[in-house]
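Me: I have a structure to go through. Can you take my questions as they come?

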Amino acid sequence: MARRDISGAVDFAYLEGFAAGDSTVIDEVLALFREQAALWTPMLDPAHPGWKDAVHTVKGAARGVGAFALGEACERCEAGQESLDGVRTALDVALMDIAAYAHERALRSLKG
């Protein structure tokens with residue numbers, strides 16, 4: 001994975017600007033987002049009693065890291081205009097972008 005694998009689902013320039021370019025903060029925020037996504041994913045099921053809360057939480061977290069398409073999918077879901085499948089798909093795409101970005105950053109750090 002590398003920058004060429006990034007789909008644009010996450011605006012990393014936004015995140016870098018928000019974190020004032022602090023690599024440690026960027027890495028920590030993205031790691032936290034990935035950890036939380038593992039908790040949210042099972043809740044993004046219409047049979048789960050907390051799915052609405054999960055969608056709302058994902059919406060805010062997504063916007064915080066620059067995953068604006070995911071945030072919009074969550075907002076549409078809250079309004080009854082998007083399915084949970086759409087939210088899960090948008091979350092998966094955002095996580096793939098984050099993985100590609102993190103991989104690229106790791107490779108860059110190895111090169112010095």
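**Salt bridges and core**

Reply: D85 is partly exposed, at 46% relative accessibility. Note that this is a predicted model.

Me: Which side chain does D85 meet in a salt bridge?

Reply: That of R88, with N to O at 2.0 Å. Both residues lie in helix α5, three residues apart, about one turn of the helix. R88 is partly exposed too, at 24% relative accessibility.

Me: How many salt bridges does a search of the whole structure find?

Reply: Six. One of them joins K59 and E78, whose closest N and O atoms are 2.6 Å apart. K59 lies in helix α3 and E78 in helix α4, so this pair ties together parts 19 residues apart in sequence.

Me: Is K59 buried or exposed?

Reply: K59 counts as buried because its relative accessibility is 13%, and the cut-off for buried is under 20%. E78 counts as partly exposed, at 37%.

Me: Switching to the core. Which residues have the most contacts inside the largest nonpolar one?

Reply: F12, L30, F33, L44, A67 and L70, in a core of 30 residues. Helices α1, α2, α3, α4 and α5 each supply at least two of its residues. The largest share, eight residues, comes from α5.

Me: What is F33 in contact with, leaving aside its neighbours within four places in sequence?

Reply: W40, A61, A62, V65, L70, L91, L95 and I98.

Me: And what does UniProt list for residues 52-86?

Reply: The unreviewed UniProt entry lists "domain: HPt" there. Over that stretch the chain is 80% helix and 0% strand, and the end C-alpha atoms are 14 Å apart.

Technical notes
Residues are numbered from 1 along each chain as its sequence is written. This is a predicted model: local features need pLDDT of at least 70, side-chain atom pairs count only at pLDDT 80 or more; totals for chains, interfaces and linings use all residues. Side-chain values use heavy atoms; hydrogens and water are left out. UniProt positions are given in the numbering used here, feature names are shortened, and annotations may be inferred rather than shown by experiment. Helices (H or I, at least four residues) and strands (E, at least two) are DSSP runs, numbered from the N terminus. A nonpolar core is a set of buried Ala, Val, Leu, Ile, Met, Phe, Trp, Tyr and Cys residues joined through side-chain atoms within 4.5 Å. Buried means under 20% relative accessible area, exposed over 50%, partly exposed in between (1.4 Å probe, protein chains only). Contact means heavy atoms within 4.5 Å. A salt bridge is a side-chain nitrogen of Lys or Arg within 4 Å of a carboxyl oxygen of Asp or Glu.
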